[in-house]
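Good morning, and thank you for coming.

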There are 2 protein chains.
Amino acid sequence: MSYAALTEHFKRLSHLRHVEAMVSWDEATMMPTGGGPARGEALSTLRGLIHQHATRPDFADLFAAAVGEGSALSPWQTANLREMKREWLRAAALPNRLVEAMSRAESRSEQAWRHLRAKNDFAGFLPFFREVVALKREAAQALGQALSLSPYDALMDGFEPGFTAEKVRPLFARLRSFLPGFIAKALERQGAAGAPTPGPFPTEEQRALGLALMGKVGFDFNHGRLDTSHHPFCGGVPEDVRITTRYDQADFSKAMMGVLHETGHAKYEQNLPKEWRGQPVGAARGMAIHESQSLFLEMQVCRSRSFWAFAAPMVARAFPAAAHATPEAFASEALFLGMARVVPGYIRVNADEVTYPCHVILRFELELGLIDGSLRPEDVPEAWDVGMRDLLGLSTSGNDRDGCMQDVHWPAGLIGYFPSYTLGALTAAQLFQAALRALPDLRGQLSRGEFEPLDAWLRQHIWAQGSRIGTSELVEQATGKPLGTEDFEAHVAFRYLDRER
Amino acid sequence: MSYAALTEHFKRLSHLRHVEAMVSWDEATMMPTGGGPARGEALSTLRGLIHQHATRPDFADLFAAAVGEGSALSPWQTANLREMKREWLRAAALPNRLVEAMSRAESRSEQAWRHLRAKNDFAGFLPFFREVVALKREAAQALGQALSLSPYDALMDGFEPGFTAEKVRPLFARLRSFLPGFIAKALERQGAAGAPTPGPFPTEEQRALGLALMGKVGFDFNHGRLDTSHHPFCGGVPEDVRITTRYDQADFSKAMMGVLHETGHAKYEQNLPKEWRGQPVGAARGMAIHESQSLFLEMQVCRSRSFWAFAAPMVARAFPAAAHATPEAFASEALFLGMARVVPGYIRVNADEVTYPCHVILRFELELGLIDGSLRPEDVPEAWDVGMRDLLGLSTSGNDRDGCMQDVHWPAGLIGYFPSYTLGALTAAQLFQAALRALPDLRGQLSRGEFEPLDAWLRQHIWAQGSRIGTSELVEQATGKPLGTEDFEAHVAFRYLDRER
């Protein structure tokens, strides 16, 4: 049976991707710098091989024959066939040579970025960046032709199937008109409240707190671990999810909320349908849904007033010296206000949820230009500065480290990904409202550290669904309406203007 | 040109092996237990793929054509062609099905061994062990036919090309007759000297000492790292060597000497000829030479009286509490005697260098039986007990944890490897004598922590040679004579009877 043969091939592909995921994790967390060039070569060959397997010459025949088996397939199998075909079409659109060249260029560029960002050296980084953008444009062109999409949409489709710039624009336009006024109001409302919690916050104590919280909110340590990396991420495989964070000794909240964010990703992976492990239909639906799960846990749950009623004592215990010095700063109310503070700033990953979409909108607009050729790589620093001044009133002129060089995405060849963050934030807000309707005591449960009822709701509506249906359908089935901005707007108004009272 | 095409294929193979090495390292150091089954599947597919690439159908023609290019090749290229062909013949002897089945069985068996050893549960382990032995016998048979070797010799040839049971036997026979009497004399000579150093030895302090010593003796941290694993090993790739150790809070010397042992392996890898990276001729010569390098550093260098004149103050500084409590135990002489103590015991990896060959001889004899079928897996515990009583006067009856279950080798399918340890010990002793002739002030240099002259000698005679020539030739060129036991016997007499005075 062709369907059965295809599942066998995709299972083997998932094995190779398992290996790729672990070696990539190692590169970011464990590898000494000198290992970089050899690692880049090794990963490039592996990725070439994965691509070769994903574009086997017999796939065309197998897919053609599998269509005829349609009536014998269950709904999940049918969905699996659709997802397999989707992967194959995307892979087959790219020549092997290009895949290996991209892997090599992206590996070199990411490794160079690590030290050049620290030196604020955009000029030094430019040759690497140019090569990545040029190859990515070539790939976008090829993908676009194969999928009948514009080049940028073809890239976005790789992260978020079914979404296009055209679908994103009205949502982002609405946020662009809503946010500036809202940010001003929120800043006025918060005044001096939510000042940073005074330390010290030794790294080991922060790590212990992170691990304890991961356990409380349901991370399965038998199938995953926490490590340190330059840029936090969630990697690995559902059976062994690797999340990372980084520690700032002056501010425990960065690592703590970062860990909870990545734990949101991890719980999604760990709870994907076990019976479909290794098959495309068993994988996470897309990056917007993935980000919705991390932002659900971080923003909707763990920055809420309810959560801090539960978490404040844990935090105070985690940092005995600091809590002893200024006990009032470790009161639940003080910590909640610190977590719900709007601070327009340079760095996306440190941004609060209100200003965050501004960072994404900027990157979305610049990415579109990089791919359609209207923005040249060398002009990115200036465009970034203009955008940041427009969106957040901050100039990054001469400060590329905290400007266009701050993210690993472009150095690593991730173009078309950024919109997923804000689509995820909108989705998370909409999911939380739906969960509130289904679980009337949800806020009470969170304040007592009872996460199971909420997990059960998410498992049913999101996690157990894998990639059975499309993103829009998944959001609509779980929340009763198409994705919009209203619930996000209501959520930030509740938190930042009404203070969740 | 066929030779060029072959080097390209072998370069890509080295990339896949790079990936395999890193994922195997991860499995032993980082992976949570629950990740095991999926990891086993993934690695099995990867190994099958590596095997498939190592047995490409076009290799037969390429090798045939390359012979005709012989006159155009440099001596190193000729040696590379020889080593490529050697690898290919070994790989081609095994069907892909068997390679994947072995990988899967060995992964399952090693994972089961980890917890069953702790429970002293040989009966629980037996089904895994049986499967590994059965598959290994099948492989040995196939390899033996292809290489015109006996099944066991065919396995040994994979670790130590050119060696056979027939070549090993007279060396081991000589040791079997020499050691019992020597052990008795050494025990009498040492009396109560060299009592264990009293702690405490906190893990973090042990780790810091290990890292400091690695740096002193020339480990390149830009191309490697130190971690913790259940069974210490040296893995990774020459550009990124991963060594591991484990810590015993009651005895710092286990981790310290373990780290130095693995550092010996690591320095060999890190100093292999750079211009031949990724090609078979650039790889380490074989496991006997590899073990000679770890034992050279651990036994010849770092357990010498000279070395302890240098290292004692570092050790005292590393454990301030313990050194403050009993300063006399941290004097150079006391530490040297502690490191040069013969203690017949159950555990091979904890054995001193005098009793160590007894552990190896036992395993060699049992392995021969497992492969020729005269010893059944279920009879190993009893045979082990008999052998240990005979060789070292110790019974392991009812204590398989410290008997036949102590090593990772058999659970992981490594049969034919053990002789390399003792061949390595003999080689190390012979190399050290040759180095002493070349560097008359060697002992003085070691006592001052000057390792560069010795490294230069090793680099020239061993490290830079890669796999250019065979093991026997390499030993003979470096030391001026074929491998024997005399230098080892002289070495242990100097250390354990004369106390290096």
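This is a predicted model: local features need pLDDT of at least 70, side-chain atom pairs count only at pLDDT 80 or more; totals for chains, interfaces and linings use all residues.

Residues are numbered from 1 along each chain as its sequence is written, and chains are lettered from A and ligands numbered from 1 in the order in which they are written.

Let us begin with chain A as a whole. Chain A contains 21 helices and 3 strands; helices (H or I, at least four residues) and strands (E, at least two) are DSSP runs, numbered from the N terminus. Along the principal axes, its C-alpha atoms fill a box of roughly 70 × 55 × 45 Å. For 501 residues, a compact globule would have a radius of gyration near 23 Å, and the 22 Å of chain A agrees with that. The radius of gyration is taken over C-alpha atoms, and the globule rule is 2.2 Å times the number of residues to the power 0.38.

How much of chain A is made up of buried residues? Buried residues make up 50% of the 501 residues in chain A. A residue is buried if 20 or more other C-beta atoms lie within 10 Å of its own, exposed if 12 or fewer, and partly exposed in between, with C-beta atoms placed from the backbone. Contacts tell us about the chain as well: two residues are in contact if their C-beta atoms, placed from the backbone, lie within 7 Å. Of the contacts in chain A with a separation of 6 or more, 74% are between residues 24 or more positions apart.

We now turn to the sheet. Strands of a sheet pair through backbone hydrogen bonds, either parallel or antiparallel. In chain A, 3 strands form an open sheet in the order S1-S3-S2, with mixed pairing; two strands pair if DSSP finds at least two bridges between them. S1 and strand S2 (234-237) of chain A are the edge strands, each pairing on one side only. On average, neighbouring strands of this sheet are turned by 20 degrees against each other, direction ignored. S1(A) and strand S3 (residues 240-245) of chain A run parallel and are joined by 5 bridges. Within S3(A), Ile243(A) is the bridge partner of Leu226(A). Helix H10 (residues 252-270) of chain A packs on the sheet and touches S1, S2 and S3 of chain A, its direction making about 165 degrees with that of S3(A). Axes are lines fitted to C-alpha atoms, for helices over the stretch in contact, and angles run from 0 to 180 degrees between N-to-C directions.

Next, consider helix H6 (residues 122-147) of chain A, which has a kink of about 30 degrees centred on Phe128(A). The bend at a residue is the angle between axes fitted to the seven residues ending there and the seven starting there. Phe128(A) is itself one of the buried residues of H6(A), which also include Phe125(A), Lys136(A) and Leu143(A). Which helices do the buried residues of H6(A) pack against? They pack against helix H4 (75-92), helix H5 (96-118), helix H7 (151-159), helix H15 (356-372) and helix H16 (380-392) of chain A. After H6(A) comes Ser148(A), with a positive phi near 55 degrees.

Let us move to the place where the two chains meet. The contact takes 28 residues from chain A and 28 residues from chain B. On the side of chain A that touches chain B, helix H1 (2-29), helix H2 (36-54) and strand S1 (224-228) of chain A each supply at least two residues. H1(A) gives the most to this side, with 8 residues.

Finally, some single positions. The peptide bond from Gly199(A) to Pro200(A) is cis, with omega near 10 degrees, and Pro200(A) is found in the loop between helix H8 (165-190) and helix H9 (203-216) of chain A. In chain B, the bond from Gly199(B) to Pro200(B) is cis, with omega near 10 degrees. Glu500(A), in the segment after helix H21 (486-497) of chain A, has a positive phi near 55 degrees. Glu500(A) counts as partly exposed because 16 other C-beta atoms lie within 10 Å.

Thank you for your attention.
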